[in-house]
Amino acid sequence: ETYTISTFTTGNTWSFMYVNCLSNLVLAKNDALNNEAFNLAGQTTIISAYIYWQLTMMWGDIPFSEANNLEVPFPKFDPQEDVLRGIFALLQEGAGFLDPALETPKAIAGDFIYGGDIEQWEKFANSLALKVLMYIYNQDQSVATQIDSLINNEPLILTNADNAEIPFFEDQTNANNRWKLYNQYGGFDSDLGEDVPTSETSYLFAGKPLVDLMNDKSDPRLATYFDEGDDADSGFYKGYEMGDFDEDLEVSILSNTFLKRDFPDRIHTAEETNLYIAEFLTAEGNKADAEAYYDAGIRASMEWFDDKSESLSNALIDNYISGRPNFAGLSDADALEEIREQQYIAFFERPTEAWGNWKRTKVPSLPLPENALLNDIIRRYPYPPDEVNANPNTPTGIQNDQPMWFEN
């Protein structure tokens, strides 16, 4: 949290994504094409694009055009702009392979995300493409026509039923990784019941910027996201200031809503798509249409917890949404601020999305952590030592707080 990045974090993540994930996806895609299993080829292409997006959000310039090519031992590092445009092209390619009329048994049997529903994969590809274009739009507004075309002509993830999620299960072997962390290292208090964390045993605490923002908005998701912890009697949630290692801090902890064995890994959600559309329409001067997507994004974020602990009542959701400022009375800049604050709240437990989107929007204003080793908010991971030593094309001299291409 003071920006000391472990070489295990960077090395394991880099090698897992390139070696375990992308290289196997290349093999699967080639096998699918050789067997004319086009839906499977589409699925592998879309997932590859998503992994490249994760990689560039963490590192910026990455091997892309020459990656996973056995004939290129030292792939070049493509500029992030080229990577983002290349990811968009991959998503178009993947969507182009998809055909709901084709029956592809392997695309069904191995599909834990949508169970072989190819129409849902089309929504997934288009929604990822929208996200990528929003990052490009930050620097190049000429892609507005492509964004407009996606919004008006293509199916998108707009309801929670369409969400792209990887499921986890009740058995410990296939349980959610956050639950595994707490279970393996004593993060639960067995005296309070199964899977209940306490302030003394918790590993994950509420952050001050998020809690302050949600407190200011009287956001009912606070009770879903966090437990009050040692300040329970105050009826108020308190966030942790990054870099403050005072062991006696009384701060709110992650709610056990997020510490279930079967809590899914959310890849792309309706809240995300709706809020991106609201942001784009507002940036293009169309606040009147943007507000409906803004409301839908908040509603999707809140209603996702309907079957979880600490679910929110319809009345509570309606009251919160009706209490938000009417866009007609806001300037474009203030409306954008409202939308981006909701993105920050909604992307809470999805670190790559939250970090990337903050770099893109700079909302909310974040303080530099105490005792930080950088002069600004961290923007990227350092390249792993194994890659630096093995590939002479690895960029050098890049500080971890150097802004990424899409930032402005």
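Which residues are linked in a network of salt bridges? The network consists of Lys131, Glu272, Arg350 and Glu353. The model discussed here is predicted.

## Salt bridges

Side chains of opposite charge can pair when their charged atoms come close. Across the whole structure, a search finds 26 salt bridges. One of them joins the side chains of Glu93 and Lys29, with an N to O distance of 2.7 Å. Glu93 belongs to helix α3 (residues 80-97) and Lys29 to helix α1, so this pair ties together parts that are 64 residues apart in sequence. Glu93 is partly exposed, at 32% relative accessibility, whereas Lys29 is buried, with a relative accessible area of 16%.

Another salt bridge lies within a single helix. The side chains of Lys208 and Asp212 meet at 2.5 Å, N to O. These two residues are four apart in helix α8, which means that about one helical turn separates them. Lys208 counts as partly exposed at 29% relative accessibility, and Asp212 counts as partly exposed at 35%.

## Helix α8 and its cover

Helix α8 covers residues 208-216, and its buried residues are Leu210, Val211, Leu213, Met214 and Asn215. What covers these buried residues includes α9 (222-225), β2 (226-227) and α13 (332-346). Just after α8, Ser218 has a positive phi of about 50°.

The side chains of Lys217 and Glu341 meet in it at 2.7 Å, N to O. Lys217 sits in the loop between α8 and α9 and Glu341 in helix α13, so that the pair links distant parts of the chain, 124 residues apart. Lys217 and Glu341 are both buried.

## Gln342 in helix α13

Helix α13 also contains Gln342. Is Gln342 buried or exposed? Its relative accessibility is 0%, and it therefore counts as buried. The Gln342 side chain makes a polar contact of 2.8 Å with the side chain of Arg221.

Leaving aside residues up to four places away in sequence, Gln342 touches Lys217, Arg221, Leu275, Tyr294, Ile298, Tyr320 and Arg324.

Leu181, Tyr185, Tyr203 and Leu204 make a nonpolar surface patch of about 360 Å². Of these residues, Tyr203 is located in the loop between α7 (177-184) and α8. Tyr203 counts as partly exposed, with 34% relative accessibility.

## Backbone details

Where is there a cis peptide bond? It joins Val363 and Pro364, and its omega is about -5°. Pro364 is placed in the loop between α14 (351-361) and α15 (385-390).

Positive phi values also occur at residues other than glycine. Tyr3 has a positive phi of about 75° and lies in the segment before α1 (7-34). With a relative accessible area of 13%, Tyr3 is buried. Glu36 has a positive phi of about 55° and is placed in the loop between α1 and α2 (38-59). At 61% relative accessibility, Glu36 counts as exposed.

## The chain as a whole

The chain holds 15 helices and four strands. Along the principal axes, its C-alpha atoms fill a box of roughly 65 × 50 × 45 Å. How does the radius of gyration compare with that of a compact globule, and what is its value? The chain has 22 Å, in agreement with the value near 22 Å for a compact globule of 408 residues.

Of the 408 residues in the chain, 52% are buried. Among contacts with a separation of 6 or more, 70% are between residues 24 or more positions apart. The accessible surface amounts to about 18,500 Å², and carbon and sulfur atoms account for 49% of it.

Notes
Residues numbered from 1 in each chain as written. Predicted model: local features only at pLDDT ≥ 70, side-chain atom pairs only at ≥ 80, totals over all residues. Heavy atoms only, no water. Buried < 20%, exposed > 50% of the residue type's maximum accessible area, 1.4 Å probe, protein only. Contact = heavy atoms within 4.5 Å. Polar contact = N/O pair within 3.5 Å; in protein donor to acceptor, adjacent residues only side chain to side chain. Patch = residues over 30% accessible without salt bridge, like charges linked within 9 Å, V, L, I, M, F, W, Y side chains within 5 Å. Areas by Shrake-Rupley, 256 points an atom, 1.4 Å probe, with all protein chains shown as cover. Salt bridge = Lys/Arg side-chain N within 4 Å of Asp/Glu carboxyl O. Rg over C-alpha atoms; globule rule 2.2 N^0.38 Å.
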